[in-house]
Amino acid sequence: MTTATMTARPSAPVRHAPLPAGQEKREAPATWWQTEEPREQVLERTLALPFTADSDANLRTRHRGLIKLLDWLEDQPGRTWQERWMASGAEEAGREWTRVPMQWLADRQRARKYDRADLCCGMIPLLGGQVVRPAYRWLLRQRPSQLLTHIRSVTDPDGFAALKDQYTATGHAGSNDCKNALNRVTWIVASKGGTVHDVTIGDCVELQHAIGEHQTNGYHGKHLFYALLAGLGVFGPDAPARLKTVMLPGQLTPAALVDRQGITCTAIRDLLVDYLTERAVDVDYTTLEDMARTLAGLFWRDLEKHHPGIDSLRLDADIVTAWRERVRMVRDRHGTPIRPRVNAHTVFSWVRTFYQDLARWAVDEPTRWGPWVAPCPVRDSDTDHSKNRARRKAAMDQRTRTLLPALPSLVKAVERQLKDAQTCLATGRETPAGVPFTTPAGETLLRRAGVSSRVYADDPATGRRRDLTVEEERAFWAWAIVEVLRHTGMRIEEALELTHHSFVAYQLPTTGEIVPMLQVAPSKLDQERLLLVSPELGEVLTAIIYRVRRGQQAMPLVSAYDSLERLWSAPMPFLFQRRCGPEDRAIPRNYIYTCLNDAIAASGLTGPGDEQLRYTPHDFRRIFVTDALRSGLPPHIAARICGHRTVDTTLGYAAIYPEDVINTGPSSPAAGRCDPGRSTASRPRRSGRTSWPTSSCGRSPSASAHATSAPPASMNTPASAALSCGPIPSRCPAWRRSTRTCSTGSRRPRNRDGSARSPRSRPASPPPSRSSPPCATSRPGTPPSTWACLISVASSRASTPSSKTRMRRGSPEHYNEGMTVFLCSKCGTAITPELAELAAVPDVSDDERDRDKETRRAPSTVPRGHYAIDPEPWGQPYVVQDDQEDPKPAQSRGPVVCREEGFVISAGSRHTVLVHPDDAAGLQPLPNWENSSGCCGPTGDEGLNRACPCGAPVATLAADCFGPFELHLDPVRTYAFSQ
């Protein structure tokens, strides 16, 4: 590779999104006609300006001050008054600028005790007449009480009057908000010149950055001035509705992402830009930004720092070894290692993918990518993070086991904090200024004087001023987010994207009843899903809507900013929004963390080691999944609720408790054989009825959040029927606890055959008891609810399999009573037809003469149309037998198996479902006939070898010439439905 030109590329941070054409920041001109006027004309013109609230004393003071300022400025170097002002050093002095001319007067024996007042009054005609235009660093440090008001009265008074009219016309109220908005526009006019209609969007952005740099006090309505200017049409019809849309940076191009890292090699820089441009089509912006940071920063820029002049992707072994060691540690700006890098495997994966993509693309475009093909410096072992993943899983499970028992206490704490904050706010609002009052916590506060929309109080014990309005607001949103997340198991971004349009009414096809549902917008997997709304969740959402509306007929429309994708949404009626000064804003993620952390700190909850507990929004999701699965919810339904693509992802969220292992383990601990199927998935009972258990202590909150006690809907009803119902009216009976949409706490419907509430559908034996306390909404004695409605929606949203697979999806009313159908846990597809249960596994002859003469298969263990539960372990894993002298068959109905370690015996799953292989003819072999080796057919001892048409492995077929002929359905990856 030839040496490329080395050019330094400075990395300048992008402070705002691209501005519309013609709205760039105005540069301050070097000179203008007012600043070039001679002294006599300046005196004549500025003293004649019609300042407001003038009196003879003010005129005399202003005249004296103006003469002193002009005398002082005439002694400074420069041709114009602006040049002299800049050379005087007064602008750098800020608020103490008057000391500079006062020192000049004292040096000439002209000092008077009223010089400071004269100079301040004399500056008013200089600024109002635009003789000088100070920078923001000087303007923002002055007290704007009278100065800016006088400037507005002589500088475009009609424009500022139109802004005040626009403020009133848009429904705003309050003199402080209006005054702050007018002050900001006045600062721009005083610094840039011109009139109100000359202000650009770039000027507004520049002012906001200057305010953040030179002022420490914040103001909630700081963007109101932009909204007023936009409402007047100052920026044109295509201007963004909010200044924050421009202030926050948008998505950067691949070239800008690479240039931020400061790569010096032009050829490599252009290669990375081309590569990221190709990849940007099929990845989201967050991933693209991570790729650019890794490839341009942690990979190539790091190589340039340690090997100046490098310009080839073909790296020597010593360079690669040193780079890998550097990547594994996080270092400070001096290169000193701080700690191990947690995501080092991700860095290696991106670099390995980069090299592999170049090699693959070179086949199609050799001219473009071929010169850059080189050996990959990352080994496959470098990208392995199985150990880290296992450690993280163990840590998350332990965290869930710690946080789940404390959830009821947290729920009670946030409810108590909200009630106390509301009581304290109401008491403070009714208390006169200067009068003490007592809070529900027993604290004595002193009502603070002043006119404000907020309620302030002083705490005599600490001397701290408390904003009771903010405390009540944070307590409410902490309560709201805890309730929504624990009832739904949503991701935090999904909860913040809920809108008033997310409510849909689903009509049960069997009874015509209306069930309220919540439509979750596409998030991680770009897939919508529906969740049932329980009465408890409905009360929380109703409280949120009532608060956001503030007595208005409709909810405010606001835009939300996605900090990860760096995009703004269209104006929508988001549920999670709040009033910030004079405008409504969508609640960001960091505000949720602030409210949640404050609530947890105030609750005083501690862990086993007396350390303070800390909940994150994703912890509620893990708790939700763990509690749902432990309560008997089928894993595939939990996957649909959580929006997971596979059941394995859902099972990874669940934490295993010691009592789960004990209660669901083998009947004889000495046998040393595991039983994974009984802990997380339901299996057919001997009664042949429903396959998911119910609990006598009531459904957990995670289950009640999605349950309804109405009869199950038809499983073949399309989900579009629910989506087409539209929003629920405000007086819809589905919002009330009525007999039509009852859940926990409602009147009990009549038992029906086939209903999950029917005595015939209850399990033959009660489920294992739980030693950990139930969640806060679990009520002892409350009858459990069914998940049938959710099953129907989940099943109807799955794709319909081909008729060639001989599989079907049927609704419950299509199944005969006493028959069982087995379905795939991932997609809900029926694997078998209706089968009748056998009391035990039949005894089948293993005589060689009874085998089929052509296929050499033994007679099927289970006859057609039936199934049986195999109580013995079967399949992988295999363990070495203790008695190697007299070995037993590796598994029931199988031969003795000898491997390198000796004779083995199965320690696989118990309670697998035995069916005739022809009753599941739609199952397909795994790709490349994986786990299907054998003589005349698969032996069945290598693991799952048959998959559902959706691709999920669900069964093991044994059909070799020296073993049985049977099909084992996995108890986790399949589930049963019985009528």
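Before the first sheet, a word on terms: two strands are said to pair if DSSP finds at least two bridges between them, and strands (E, at least two residues) and helices (H or I, at least four residues) are DSSP runs, numbered from the N terminus. What you are looking at is a predicted model, in which local features need pLDDT of at least 70 and side-chain atom pairs count only at pLDDT 80 or more, while totals for chains, interfaces and linings use all residues. Residues are numbered from 1 along each chain as its sequence is written, and side-chain values use heavy atoms, with hydrogens and water left out.

With that in place, please look at the open sheet of three strands in the order β17-β19-β18, where the pairing is antiparallel. Its edge strands, each pairing on one side only, are β17 (878–880) and β18 (897–899). From one strand to the next the twist averages 50°, where axes are lines fitted to C-alpha atoms, for helices over the stretch in contact, and angles run from 0 to 180 degrees between N-to-C directions. Strand β17 is joined to β19 (residues 902–906) by three bridges, and V880 has V904 as its bridge partner in β19.

A second open sheet, again of three strands, has the order β7-β8-β9 with antiparallel pairing. Here β7 (503–507) and β9 (529–532) are the edge strands, and neighbouring strands are turned by 45° against each other on average, direction ignored. Five bridges join β7 to β8, with Y506 partnered by V515 in β8, and the hairpin of these two strands has six residues between them, among which G512 takes a positive phi near 75°.

How much of β7 is buried? Four of its five residues are, so β7 is largely enclosed by the rest of the structure; buried here means under 20% relative accessible area, exposed means over 50%, and partly exposed lies in between, with a 1.4 Å probe and protein chains only.

Strand β3 (residues 436–438) pairs with β4 in the antiparallel sense over three bridges, P436 having L446 as its bridge partner, and in their hairpin G442 takes a positive phi near 90°. Strand β4 is also joined, by two antiparallel bridges, to β5 (residues 456–459), where R447 stands opposite A457.

Let me turn to the cores, where a nonpolar core is a set of buried Ala, Val, Leu, Ile, Met, Phe, Trp, Tyr and Cys residues joined through side-chain atoms within 4.5 Å. The largest one has 61 residues, of which W477, I481, I544, L575, F576 and Y615 touch the most other members. Among the elements that give two or more residues to this core are α22 (468–488), α24 (535–549) and β8, and the largest share, ten residues, comes from α22. Taking contact as heavy atoms within 4.5 Å, and leaving out residues up to four places away in sequence, F576 touches several residues, including W477, I481, V484 and I544. A second, separate core of 60 residues includes W81, W97, V132 and V199.

Finally, two helix pairs. The axes of α5 (residues 99–107) and α6 (residues 115–128) come within 10 Å and cross at roughly 125°, and the two helices are therefore oblique to each other. Angles under 35 degrees count as roughly parallel, over 145 as roughly antiparallel, 65 to 115 as roughly perpendicular, and the rest as oblique. At this contact, P101, M102 and L105 in α5 meet D115, R116 and L119 in α6.

Helices α9 (residues 157–169) and α10 (residues 175–192) pack at an angle of about 150°, with their axes 11 Å apart, and are therefore roughly antiparallel to each other. The residues that meet here include F160 and Y167 in α9, and L182 and V189 in α10.
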